[in-house]
Amino acid sequence: MGRITSSDAWLSQTPVKLMSGIGKTYVLFLHISCILVSDRGHGSRIFSTMKSERLDMTQHRRSTGLKVIGVLAVPTIAALALTGCSSSAGSTSSSGGSKEFSLSFATSNTIESPFKVLAENYMKSHSDVKITFNPQPNDSYDQTLRTQLQAGNASDVVVTSPGSGTGRSILPLAEAGFLEPLDNAAKELLPEGSASTFGSDGKVYGQATEITVAALVANETAAQAAGGFPADFSSLQQQCKDLEPSGKSLFALAGAAPPNTGLMAMSLAASRVYAEDPKWNDKRAATETTFAASDGWKSALEAVNTLKDAGCFQKGAAGGGFDAITKGLASGTSLSGFIPAPSWKQLESAGGGSKFAVRPLPAESSSKSYVFASANYAFSINAASKNKDAAKAFLDWAAEPEQTKAFAEIDGALPVTGLDKYDFEGSAYKNVGDLIKDGKYGPLPNIQWPNSAVYDALATGVQGIITGQKSPDQVLQAMDAAWGQ
Amino acid sequence: MTATMQPESEAAEAPRRGGRTPVAGQKTRPRGRGLEFGHWWWALPGIALVFAIHYVATGIGGFFAFTNWTGIGAFKITGWANFEAIFKDPTKLGALSNTLFLAFGSVLLGNIAGLLIALGLNRVLKTRYILRTLFFMPVVLSPLATAYIWKYIFDFDGPLNAFLTAIGAGDQTKPWLADPQWAIWTVLVVLVWSSTGFAMVIFMAGLAGVPAEVEEAAAIDGANLWQRFRNVTLPAIRPAVAIATTLGIVQGLRVFDPIMALTAGGPAGATETLATQVYKQAFALGNFGGGAALALVLAAIILIFAVIQQRLTRSNPED
């Protein structure tokens, strides 16, 4: 990103003799340094006259041909540099014995990555194993992972996501031959109904790490003070109206951070679309239905307007970033937010003394309650890895029930195995425990969508609904258009 | 910048020098005329690097504009399909008009402001050296870092709204960067702020070349301030105007990081430009072919405007 836009780098990339414009800049920069640095006033007139002559020379004496080439070359290079490949920065521990391997994962905050903690535990219990960590910032992880896989220097074990909705998604990476098929341990960890997002033709390319619930994370302390959390959608609207005069809001929304608006829209669609028809995505894939033709989706996006009009969002929500959610929830000025469930743990440990818990978004009626719970992250093995045995041994170990339980505890998520015996009552998940036990949950819808443009159309579209730029119908049509890309 | 450009300009000069004295150079070398230095082929490593890093990479990027590559795996050549999709998509056309608005808006306002400041700080003022540095500061500072500071200023809970509330204009507070009407103007303010210093320095360089005697002579002949500016100063700094506007337009058309940091193209595409779209298509949405095609379109647009602009502001030979 920096390479494209920093004017210094841009200028230094261009062959000077061709660039009439750049030649002039160079002369001018000599001048600029004089103006900014030396206090020469009008003493050295000769100097400045000389400079302006050079300026004129560059203006007159270059042939038009050269000028055109120069003008042509600058923008072409500048614009196409945008699409150039970024450099890779990974490493493979190809040397050494089979007990050594490397692990890539994304980090998004200062809290220690659960993947790293798990791997460190593995090293502690297996003293002969050495794991090299390759953490990447979350926002560049997808691109880095793809570049490294193509360059052949990706880590032996990489963290991926099921489905095909993101840059780190398993299906496109497996189709391109970059991932190693996994054996039975991974197959046994497949969450119900998710097989098609972890591979194809009976092969599995990712090992689920935990079950992430996508619903509301609520500041329970603040909710108690506000008279409890609403039970259905109409009492929710009433509570929004009651809270507004006190400067508080029921929801903290990062309106300018599209992933958050998208998650809110999907949460609204949970009870309106997927509770009635958990296989709705399959029907959409078979073009038996469309977003625009779905009453459920339409009502979900219309509910965004309902929430806005009822004053459910904090002031200035349309321009809010993720910091608005963190601030609002931690301080209790907002009661809840549409964020991945494991955040409850980070919010609670951030101090403030408030209790946090995971809640489903109140549905129109309690019989329609539905949440999203799916394995959103997986371990995969790089097909070009030279340490596959060591990597597989690690994955087998991570699939053991004690480890899946420990991993879920580290991250504040639900374990990928043993959910039926999980103690919901004593955990932050007690409000969604019944739904999960009753099977009223399904995978996050966008995991099953064919590309990330569909989710992008939803997320930016919801922002447009909040600012009044778009209607629910327009957003749904844009999602259908993106589906067919 | 000078440091990175100098070696290349020398390298590019080498062929001419080498070619000028081929025979004499060879004969005299044994006798030790030390400064007869350089042959055109000495530049070959540099030329090869420039070719491989810039032109080959650029060419490959251009090639992908005609494919459906997702950034990974296999791809098919799809001809002009990516370009058709661009011109059918209202988002891309909106991005195009935003790009032109921001480029021309920032060039116009930035250059006017830059020229005024340059004229003001050219001679008389005692504190001009400090002020020049201050006005040039935005050019030196990281655009990304300053964009985040601006984002904070325009935030709903930020200083601007706090100021408006304090002076009793609380009803004017809004989330500036997420308001469909105001977001693009807010972005324009930031772009003008950051481009003014650059224009100022270019104009200052131009003004340094305007002889004070000519202005004095015009003043003695009875020309007023405006006439002196219009008929003496402005013609003399025409090269500077040409440079400032050309660079400004090229910079304005491809501006990326301030917009990405301020609004990321939002709200709902209201500040989307071609550059942010290229990034989104190629890297965020896995549509590498589409992103490359958009980059080609952007390159063509920059080329067209740069050529037009060069022709319009070219000095007359008799100047």
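**Close-up views of a predicted model**

**View 1. Helix 15 of chain A packs against helix 22 of chain A.** In this close-up, helix 15 (residues 295–309) of chain A and helix 22 (residues 472–483) of chain A pack with their axes 9 Å apart, at an angle of about 130°. That angle makes helix 15 of chain A oblique to helix 22 of chain A, and the crossing of these two helices is right-handed. Sorted by class, the contact of helix 15 with helix 22 of chain A holds six nonpolar, one polar and three charged residues. As for where all this comes from, the model is a predicted one.

**View 2. Helix 15 of chain A crosses helix 21 of chain A.** Here the partner is helix 21 (residues 452–467) of chain A, whose axis comes within 9 Å of that of helix 15 of chain A, with a crossing at roughly 40°. Helix 15 of chain A is therefore oblique to helix 21 of chain A, and the crossing is right-handed. On the helix 15 side of chain A, look for Trp297(A), Leu301(A), Val304(A), Asn305(A) and Lys308(A); on the helix 21 side of chain A, look for Leu458(A), Val462(A), Ile465(A) and Ile466(A). By class, this contact of helix 15 with helix 21 of chain A has seven nonpolar, one polar and one charged residues.

**View 3. A disulfide joins Cys240(A) to Cys312(A).** The sulfur atoms of Cys240(A) and Cys312(A) are 2.0 Å apart, and the count over all chains comes to one disulfide. The link between Cys240(A) and Cys312(A) is right-handed, with 105° about the S-S bond. Distant parts of the chain are linked by this pair: Cys240(A) sits in helix 12 (residues 233–243) of chain A, while Cys312(A) sits in the loop between helix 15 and helix 16 (322–331) of chain A, 72 residues apart. Are these two cysteines, Cys240(A) and Cys312(A), buried or exposed? Both Cys240(A) and Cys312(A) are buried.

**View 4. Helix 6 of chain B crosses helix 9 of chain B.** Moving to chain B, the axes of helix 6 (residues 128–140) and helix 9 (residues 183–208) come within 6 Å and cross at roughly 125°. This makes helix 6 of chain B oblique to helix 9 of chain B, and the crossing is left-handed. Helix 6 of chain B brings Arg132(B), Phe135(B), Phe136(B), Pro138(B) and Val139(B) to the contact, and helix 9 of chain B answers with residues including Trp193(B), Phe198(B), Met200(B) and Met204(B). Taken by class, the contact of helix 6 with helix 9 of chain B divides into nine nonpolar, two polar and one charged.

View 5. Ala285(A) belongs to helix 14 (residues 280–285) of chain A and is exposed, with a relative accessible area of 53%.

**View 6. Asp201(A) has a positive phi, and so does Thr287(A).** Asp201(A) is not a glycine, yet its phi is about 55°. Asp201(A) is found in the loop between helix 10 (195–198) and strand 4 (207–208) of chain A, and is exposed, at a relative accessible area of 77%. Thr287(A), not a glycine either, has a phi of about 50°. Thr287(A) lies in the loop between helix 14 and helix 15 of chain A, and its 60% relative accessibility counts as exposed.

Definitions and conventions: Residues numbered from 1 in each chain as written. Chains lettered and ligands numbered in written order. Predicted model: local features only at pLDDT ≥ 70, side-chain atom pairs only at ≥ 80, totals over all residues. Heavy atoms only, no water. Axes fitted to C-alpha atoms, helices over the stretch in contact; angles between N-to-C directions. Helix = DSSP H or I, 4+ residues; strand = E, 2+ residues; numbered from the N terminus. Parallel < 35°, antiparallel > 145°, perpendicular 65-115°, else oblique. Left-handed = near helix turned anticlockwise from the far one by under 90°. Nonpolar A, V, L, I, M, F, W, Y, C, P; charged D, E, K, R; others polar. Disulfide = S-S within 2.5 Å. Buried < 20%, exposed > 50% of the residue type's maximum accessible area, 1.4 Å probe, protein only. Contact = heavy atoms within 4.5 Å.
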